[in-house]
Amino acid sequence: MAWFRKPKKPIQASERRDLPSDVFDKCEGCGEILYREKLLQNLKVCPHCDHHFMFSATEYVQVLSDEGSFEELGRGLRSADPLEFTDLKPYAERLAAAERKVGGGEAVVTGRARLDGNPVALGVMDFRFIGGSMGSVVGEKIARVGRLALEEERPLLLVSASGGARMMEGTYSLMQMAKTSAMLARLHEASVPYISILTHPTTGGVTASFAMLGDVHLAEPGALIGFAGPRVIEETIKQELPEGFQRSEFLSEHGMVDRVVDRRKLRETVCLLLGHMAPEWRSE
Amino acid sequence: MAAPPHLEFERDMVELQEEIDKLLEMAEKKEIDVSRELAELRRRLGAMREDTYRNLSPIEQVQVARHPRRPYTLDYIQRIATDWIELHGDRAYRDDAAIVGGWARIGGHSVMLIGHQKGRDMKENLRRNFGMPHPEGYRKALRLMRLAEKFGRPVITLIDTPGAYPGIGAEERGQAEAIAMNLREMARLRTPLISVVIGEGGSGGALALGVTDQILMLEHAIYSVISPEGCAAILWRSAEHRDKAAHALKLTSDDLHALEVADEIVPEPPGGAHSDWDAAGEHLRSALLQNLESLEALSPEALLDARWRKFERIGAWKEDEGDE
């Protein structure tokens, strides 16, 4: 039985390879080294394991609208820092830093667009802007794009990516949940279709308002979607969370989303749905 | 009577109360007249109470809002309503005891009264989950609101919760969806809606009962997007800074009235609602009656229109010129 006691050589962690960071990306899912250009062509989905890399707001706009058709609205909206909030850093500074990072704007981009030639109203959240948190500006922009959908009878598409309500605007942030939901109540009454697209991560006040109020909910594979964050839950119940908890597939299993959709199929899925739900929709 | 649990800033008042009690006891034993001393001590206590409660810091307000002797939803219902009959269950999964609701009569008005319910002791708190609802609680609330709408009755909600419950079952059963659905459906209910934050207005779990025509706050209630402890833990990296977070979050009734989130502040008796439940109930009842009168005069269309405009306005932003 000597073979049994033979010291095993520990498996070596794959050696760190220094890669030119502007040409290659390492997949966070399977570790495969990917050509950036190929990855971009594949809508930032790993061709080996289907891991979905984070997509920017601009990239979603490209996927969900006809080239050159997007007409941004409300870009001039800025937070007024109504509480003059300061923690370790003034909120005003955090805002300025976030604006520099994403090149102006806020945690959501909204506007008119065409999709396969059909008019739509589109809103895409940007997680890079203070964690995609919802303060007064995000609430106002979502409400305005909702009103646009209502007044121009355009189907509404909202892509969520958010850590939740923005603490630095206090109860105003909480009330944006009510504000966006109240707008969706009007859309609902007018039977204007609304598709909610949930991406990684969507938590807190955004999930508990407009993201969960779609006529149809589409979620990207593997996205974290929930109300309470997993760490908060773990601290509360003092036990480890089950594998895959609060991921898209888990939500699908529990009946909270209609479909888990690969990003490469997102556009055609949206068009197929709107062909049924939007009265004037013409398929190309 | 055992001394009630008291807060740090209440210590002087408790000591003064003990002095009064001792004096009374002595007077009784020795049969002497202490009415003059007694009156003086009581006057001092009253003044001290009023002064303390007028100058509470934000974190002290938070403590008062969470005071273990503060009246809860069922305590108020007992004091402000008659013909109360509680209704149970969401018709889908179970009855969540963290939210109670049912028919009640206030003055001449038959209303649907719904509120978060905290427990008074450990056993009751386990049953009521410290007033932290699960999805079925919000769904029960919505079912009852729709019942009210069906029979043209107003809805009154009493808000008092640390927040939604961060647990596995709550997520599995879709608490985000349940809260969101309440927000949307409350925005389109064709009947008058009034909410009153009676203690803790904790985030989404509170707002799920809060999309109403009128938002009232009791004087020492708080309403916040996150608990000061949670906010401090994230932004100050330590829950110990909760006093700073409480200050920064602008969560008191005065702050929220100034920010035009709270429409009205309901006064509490000197020393807070916990020092005199009956008086607190009387203030609440008269505020509700006034609001019921004015809202019941409006048509459903006018109500909805005003409600939409109210929530459409909430928030503060700047807009650069030249942009749409």
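Residues are numbered from 1 along each chain as its sequence is written, and chains are lettered from A and ligands numbered from 1 in the order in which they are written. Because the model is predicted, local features need pLDDT of at least 70 and side-chain atom pairs count only at pLDDT 80 or more, while totals for chains, interfaces and linings use all residues; side-chain values use heavy atoms, with hydrogens and water left out.

**Domains within each chain**

Domain bounds come from an automatic or database domain assignment. For chain A the assignment gives domain 1 (21-53) and domain 2 (54-277); for chain B it gives domain 1 (8-55) and domain 2 (62-313). The centres, taken over C-alpha atoms, are 24 Å apart for the two domains of chain A and 35 Å apart for those of chain B.

Contact means heavy atoms within 4.5 Å. Buried area is the accessible area (1.4 Å probe) that two parts lose on being put together, summed over both. The table lists the buried areas.

| Pair | Buried area | Share from carbon and sulfur atoms |
|---|---|---|
| Domain 1 and domain 2 of chain A | about 810 Å² | 52% |
| Domain 1 and domain 2 of chain B | about 540 Å² | 63% |
| Chain A and chain B | about 5100 Å² | 70% |

In chain A, Leu43(A), His52(A) and Phe53(A) supply 65% of the area that domain 1 buries against domain 2, more than any other three residues. Two salt bridges (a side-chain nitrogen of Lys or Arg within 4 Å of a carboxyl oxygen of Asp or Glu) are counted between the two domains of chain A. Lys44(A) forms a salt bridge with Glu59(A), with the closest N and O atoms 3.1 Å apart.

In chain B, five residues of domain 1 are in contact with eight residues of domain 2. Phe9(B), Arg49(B) and Tyr53(B) lose the most area in domain 1 of chain B, together 74% of what that side buries against domain 2 of chain B. The count of salt bridges between these two domains of chain B is zero.

**Interface between the chains**

Five salt bridges are counted between chain A and chain B. Arg144(A) forms a salt bridge with Glu319(B), the closest N and O atoms being 2.9 Å apart.

Helices (H or I, at least four residues) and strands (E, at least two) are DSSP runs, numbered from the N terminus.

Two strands pair if DSSP finds at least two bridges between them. Strand 4 of chain A pairs with strand 9 (residues 317-319) of chain B in the antiparallel sense over three bridges. Within this pairing, Trp317(B) is the bridge partner of Ser79(A).

**Sheet of chain A**

An open sheet of seven strands in chain A has the order 3-5-6-7-8-9-10, with mixed pairing. Its edge strands are strand 3 (71-73) and strand 10 (259-260) of chain A, each pairing on one side only. Strand 3 of chain A runs antiparallel to strand 5 (residues 108-115) of chain A, joined by three bridges. Glu72(A) stands opposite Gly111(A) in strand 5 of chain A.
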